[in-house]
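Open the model in your viewer and switch to cartoon view.

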Amino acid sequence: MVTNRLWRTLSAFNQSTRSWEPIPLRNVQSQVTQRFSLTSRSINTFWTQGLSFISWNIDAFSPRPVSRAKLILNHVLEESKSPDILFLQEVTPEVWTSLLDDARVHTAFLVTDAEDQTSFEDVPFATMMLLSRTRFISGLDSQKEGDGIEGGENFMLGRVSRVILLSKYRRDALYVDIIPPISPGTVFCLISVHLDSLQDTLHYRAQQMEILTNVLREPGCSGGIIAGDFNAISPEDDGLVNKNELVDAWVALHGRANHDGATWGVGMERRDGMGPGRLDKVAMMGLKAKEMEVLRPGTIEVPRPGEKLVEIPWSDHCGLRCTFTI
């Protein structure tokens, strides 16, 4: 199955020019095919380092999307341990602008899609990724320290792209290469996803998972993470992670029988009779999950002319926090 990509950039906020500027990225995949087995084995044997990430579908369609997104960001950055990586799904253009204008994001993160709104063309929302400036460095920064940063703490950043998916809803997946400091010839992939929605698109979700898993098996890639909204609403969906020989991080840590992993429909009574579900997942290859928890949203007031205020959750999805080791 052919993988089509739209190449993108990561940007850092320049305090002098008060603007987001693309950073140089490192393209190592073409250099590592012959060394893939050796470098993967040496990392697994001699070196481990942890990273944390949060994935959250922030709900594009409920009222007050910008205010709700700000409350989620507050929770992520201030009321909980700030992650090294943040995956966001259902980011609207208005929320995109709000995030790029946030002073805390300016200081703390490198971001995808700051260069333009290409990812939002002809779709109501897109995914977005933020990476900690204290844990990741650009290709230019790494070159200043020589060819590699052995012994350092920061991961280097490789290519950024959107993987074009077969989709009823024009969905894609956001893909960032990261390179461990101990082995500048080894690549792991971070992939943020929002798979097709609703019951009638299972065949699309199956193809999408196959495409994304194939990315992790490309020559020169040592594995990685596929995380986000899997829209896993059927029993058949639950088998897609295993079918593609990936590790379901929640199941690995908490077991399949643990029902505390529901991320959608939690504490809500729905007219369609659907109960809580584990729609959001973390799937891994070549990495090991250490900790994982569900982040419950708070509530926000929504004014209604001539009526009482109503409280709604920040999102119809819960977030997922996961710590893993390379």
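What is the strand order of the open sheet of eight strands? The order is 3-2-6-7-5-4-18-15, and the pairing is mixed. Strands here are DSSP runs of E, at least two residues long, numbered from the N terminus; two of them pair if DSSP finds at least two bridges between them.

This is a predicted model: local features need pLDDT of at least 70, side-chain atom pairs count only at pLDDT 80 or more, and totals for chains, interfaces and linings use all residues. Residues are numbered from 1 along each chain as its sequence is written, and side-chain values use heavy atoms, without hydrogens and water.

Select 19-22, strand 3, and 288-295, strand 15. Each has a single partner strand, so one side of each lacks a neighbour in the sheet. From one strand to the next, the twist averages 25° (axes are lines fitted to C-alpha atoms, for helices over the stretch in contact; angles run from 0 to 180 degrees between N-to-C directions).

Alanine 12 sits opposite glutamate 21 of strand 3.

**The rings.** Show the aromatic side chains. The whole structure holds six aromatic pairs (Phe, Tyr and Trp rings, the six-membered one for Trp, with centres within 6.5 Å; planes under 30 degrees apart are stacked, over 60 edge-to-face, the rest tilted). Zoom to phenylalanine 13 and tryptophan 20: centres 5.4 Å apart and planes at 70°, so the pair is edge-to-face. Finish at Phe53, Phe87 and Phe324, a cluster linked by ring pairs.

Methods: Helix = DSSP H or I, 4+ residues; strand = E, 2+ residues; numbered from the N terminus.
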